Amino acid sequence: AKQEGRGRLRFYEARMGAQVRERRSLEHDLRHAVERGELRVVYQPQTRIDTGETVGFEALLRWQHPERGTVPPNLFIPISEETGSILGIGEWVLRETCREAASWEKPLRIAVNVSAVQLHAPGFAELVHEVLVVTGLSPARLELEITETALIRDLPRALATLRRVKAMGVRIAMDDFGTGYSSLSNLRAFPFDKIKIDSSFTRSVDTSEQAATIVRSVLGLGRGLGLPVLAEGVETSAELAFLGAEACHEAQGYLFGRPGPIDGFRHLTTGRALP
Ligand code: C2E
Ligand code: CA
Ligand code: CA
Ligand code: CA
């Protein structure tokens, strides 16, 4: 039995070792991903529920690894936040998306995810300003998506940075509302322009009374604070019908379009009909 235990321990150690090596190798490859051109941005439409018109796009990062194929952001973004490579990656995403959006015929919004590490790094507001100047994108067309978890690291600092960005005319959305560290005082203290309901709630609005209650109360909160609400992860017309009936403003999800290369959405950015 002792022998067996030792064998099992060695097995676990070997597995742990493999996980650590795997992480190190991702960490290492990530450092060069930008310069090697392995990163790309896909876009997902954001739709006004009452009129059905596209009002903007969320930019979502993809990493095309030469051997591993597509690595999902939920896997590599936490690693890049720990190592700090998210600073270079995030700057690349901001430049890339603002340049892209500035070229659109229609003045649609572009929503860009901002990590806690970026938000708290010195010079973030200056970077946003510089990118807007260089690309010529109107500040009102840029929306930064920030999670509550990103704020709590250093609330006063996050507030100061967001106020400076907001003073430029850039919009700020609270991302993943209701997950993680929800604090209603943050909603009031921070200069948000929008609340995004996480897909974990949207998914069940049509089947779970609990999820429906939560979504209704977020919509009530938005109304009370004068903030429009976007529901993410809308996949079915039943979910959309619920949201429409509850006067949710905007929706995003597979029902309207999966995240993809912007070329697949040209009919939305130019306003011309599909060929
Ligand atoms: P998020 O900001 O909550 O983004 C929404 C996620 O839901 C995206 O996953 C999107 O592809 C997915 N999604 C959209 N519609 C549907 C739907 O109808 N059903 C389902 N099941 N999923 C849907 P993705 O692209 O894998 O990104 C995951 C997370 O990675 C994002 O969550 C965001 O937190 C982070 N992320 C992505 N791009 C960036 C980036 O450029 N910078 C930073 N800091 N984080 C990013
Ligand atoms: Ca987001
Ligand atoms: Ca989410
Ligand atoms: Ca559902």
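Ligand 1 is surrounded by 20 residues, of which Q44, L61, R62, E235 and Y254 are the closest; a residue is taken as near a molecule if one of its heavy atoms lies within 4 Å of it. The structure is a predicted model, in which local features need pLDDT of at least 70 and side-chain atom pairs count only at pLDDT 80 or more, while totals for chains, interfaces and linings use all residues. Residues are numbered from 1 along each chain as its sequence is written, chains are lettered from A and ligands numbered from 1 in the order in which they are written, and side-chain values use heavy atoms, with hydrogens and water left out.

Among the atom pairs at ligand 1, a polar side-chain atom of Q44 lies 3.0 Å from a nitrogen atom of the ligand, and a backbone N or O atom of L61 lies 3.1 Å from a nitrogen atom of ligand 1. An oxygen atom of ligand 1 is found 3.3 Å from a polar side-chain atom of E232. On its own, ligand 1 has 790 Å² of accessible area, and the protein covers 81% of this (Shrake-Rupley method with a 1.4 Å probe).

D206 is partly exposed at 35% relative accessibility, whereas E239 is buried at 4%, where buried means under 20% relative accessible area, exposed over 50% and partly exposed in between (1.4 Å probe, protein chains only).

The largest nonpolar core comprises 67 residues, and I110, L142 and L144 touch the most other members; such a core is a set of buried Ala, Val, Leu, Ile, Met, Phe, Trp, Tyr and Cys residues joined through side-chain atoms within 4.5 Å. Helix 5 (residues 124-135) supplies the largest share of this core, six residues. Beyond its neighbours within four places in sequence, I110 is in contact (heavy atoms within 4.5 Å) with residues including Y43, F57, W104 and L142.

Conventions: Helix = DSSP H or I, 4+ residues; strand = E, 2+ residues; numbered from the N terminus. Polar contact = N/O pair within 3.5 Å; in protein donor to acceptor, adjacent residues only side chain to side chain.
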